[in-house]
Amino acid sequence: MKKSRGRPGLSIATVPLVLAFAWAAAAQGTASPAPAPAVASPPPVDAPPAPAAAPPARQAQPYTWASVGTTFAYGQTYGSANVGAGLLVRYGIAPNVELGYAFGNSPTLWSLRPGVTWYVPVSNVRPYLGAFYTRWFVGDGQPDQNGIGGRAGFSLGRVISLGVTYDHAFGCDRNCDSWTPMISAGLSL
């Protein structure tokens, strides 16, 4: 027997017949036979699926931190205490501000650091990279100073951060740059 190409084994006309035989075979066990369907009805037309609801927009997430440690200024080592707050918005971008106090040497220093930090969107250990402007309020009658800086490190969960900060003071002639290791504890709401 030769098979012809391009033709299916069953034609469309035989489908209702096969369905009728299958229905009749299933109904043989019943007491009253029911009439066979004359024509198979076409499958119901499905309505197009409803568009998926847009995911809810992520709300900005406030966070705070505090750190205590040492810092370096005017060629001396100081104790330091810092507090900060920020707002984590889309794509891991976090505008923030930090207030710091350096003590234990003369002159005493207050610093105000507005900046922005980018948290890489990975789970648990979150690397970060940031930049900031610094305004130092210097005691003992010395002039206040301005500078820029950066920070990099990683945050462990929502509580502990380990990293380093870099500061560069404008308009100075010695000890203009400093690197400071940073360990901080904070809270993300």
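Strands, as named in this report, are DSSP runs of at least two residues in state E, and they are numbered from the N terminus. The model is a predicted one, and its pLDDT averages 76 over the protein, with 67% of the residues scoring at least 70.

Most residues other than glycine have a negative phi, and most peptide bonds are trans. Against that background, Tyr-91 has a positive phi of about 60° although it is not a glycine, and a positive phi near 60° is also found at Asp-140, again a residue other than glycine. The loop that holds Tyr-91 runs between strand S2 (76-88) and S3, whereas Asp-140 lies in the loop between strand S5 (125-138) and strand S6 (145-156).

| Residue | Phi | Relative accessible area |
|---|---|---|
| Tyr-91 | about 60° | 67% |
| Asp-140 | near 60° | 55% |

Since exposed means over 50% relative accessible area, Tyr-91 at 67% counts as exposed, and Asp-140 at 55% is likewise exposed.

Which peptide bond is cis, the one from Ser-106 to Pro-107 or another? The bond from Ser-106 to Pro-107 is cis, with omega near 5°, and Pro-107 sits in the loop that links strand S3 (93-103) with strand S4 (109-119).

Key. Residues are numbered from 1 along each chain as its sequence is written. This is a predicted model: local features need pLDDT of at least 70, side-chain atom pairs count only at pLDDT 80 or more; totals for chains, interfaces and linings use all residues. Side-chain values use heavy atoms; hydrogens and water are left out. pLDDT is the predictor's confidence in each residue, from 0 to 100. Helices (H or I, at least four residues) and strands (E, at least two) are DSSP runs, numbered from the N terminus. Buried means under 20% relative accessible area, exposed over 50%, partly exposed in between (1.4 Å probe, protein chains only).
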